[in-house]
Amino acid sequence: MRKLYKANDDRTKLLFSPVALWGPLSQRKSIRWPSTVVISVAIVEDDLEARRNLELLISEAPGIRCVCVCASGEEALRLIPQAKPEVVLMDLHLPELSGIECTAKLKQLFPTLQVIIITMY
C-alpha cells in the first residue's frame with residue numbers, strides 16, 4: 001500500500017493512509033489525528049453569511065482552530081501576518097483586491113502558507 005506523508009513545521013510526519021479513505025467498506029478505518037494536532041485557519045470572505053458559516057464550521061471541527069476572519073483582501077494583508085495561520089480559506093471574488101492578488105502577496109510574505117481558494121456562484 002502506498003502511504004502519503006505531509007511534514008509538519010517541526011519535521012514530524014503525519015500519515016495519510018489511502019486505505020482509510022478508499023478501501024473496501026469492510027476494511028475502512030477512521031482516521032484518528034493525534035490530540036495535539038491543531039491546524040490554524042484564517043478565513044477571507046466578503047459575504048457576511050458565508051464568512052459566519054465558515055467560521056462556525058471550523059470552530060466546531062476537531063483539530064481545527066480559526067485564528068483570523070477577514071472581510072477583504074486589504075484586511076487579510078493586515079491581520080494574517082499577525083495571526084500566522086497555517087491555512088487560509090480565500091474567496092476568489094473580493095472587492096478591490098481579488099483573492100488571486102491577495103494570495104500572491106501573502107505567498108511572497110509566507111511562502112509555506114497553504115491557501116485554499118473558495119468561491120460561490
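**Strand pairing and helix packing**

**Exercise 1.** Identify the bridge partner of Ile 39 in E4.

*Solution.* The bridge partner of Ile 39 in E4 is Ile 64. The model is predicted, so that local features need pLDDT of at least 70 and side-chain atom pairs pLDDT 80 or more, while totals for chains, interfaces and linings use all residues. Residues are numbered from 1 along each chain as its sequence is written, and side-chain values use heavy atoms, without hydrogens and water. Strand E3 (residues 39–44) pairs with E4 over six bridges, in the parallel sense; pairing requires at least two DSSP bridges.

**Exercise 2.** State the strand order of the open sheet and name its edge strands.

*Solution.* First, the four strands follow the order E4-E3-E5-E6, with parallel pairing. Next, strand E4 (64–70) and strand E6 (114–118) each pair on one side only, as edge strands. Finally, the twist from one strand to the next averages 25 degrees (axes fitted to C-alpha atoms, angles from 0 to 180 degrees between N-to-C directions, helices over the stretch in contact).

**Exercise 3.** Give the order of elements in the protein chain and its buried percentage.

*Solution.* From the N terminus, the elements run β-β-α-β-α-β-α-β-α-β, comprising four helices and six strands (DSSP runs: H or I of at least four residues, E of at least two). Of the 121 residues, 28% are buried, meaning under 20% relative accessible area with a 1.4 Å probe, protein chains only.

Key:
Buried means under 20% relative accessible area, exposed over 50%, partly exposed in between (1.4 Å probe, protein chains only).
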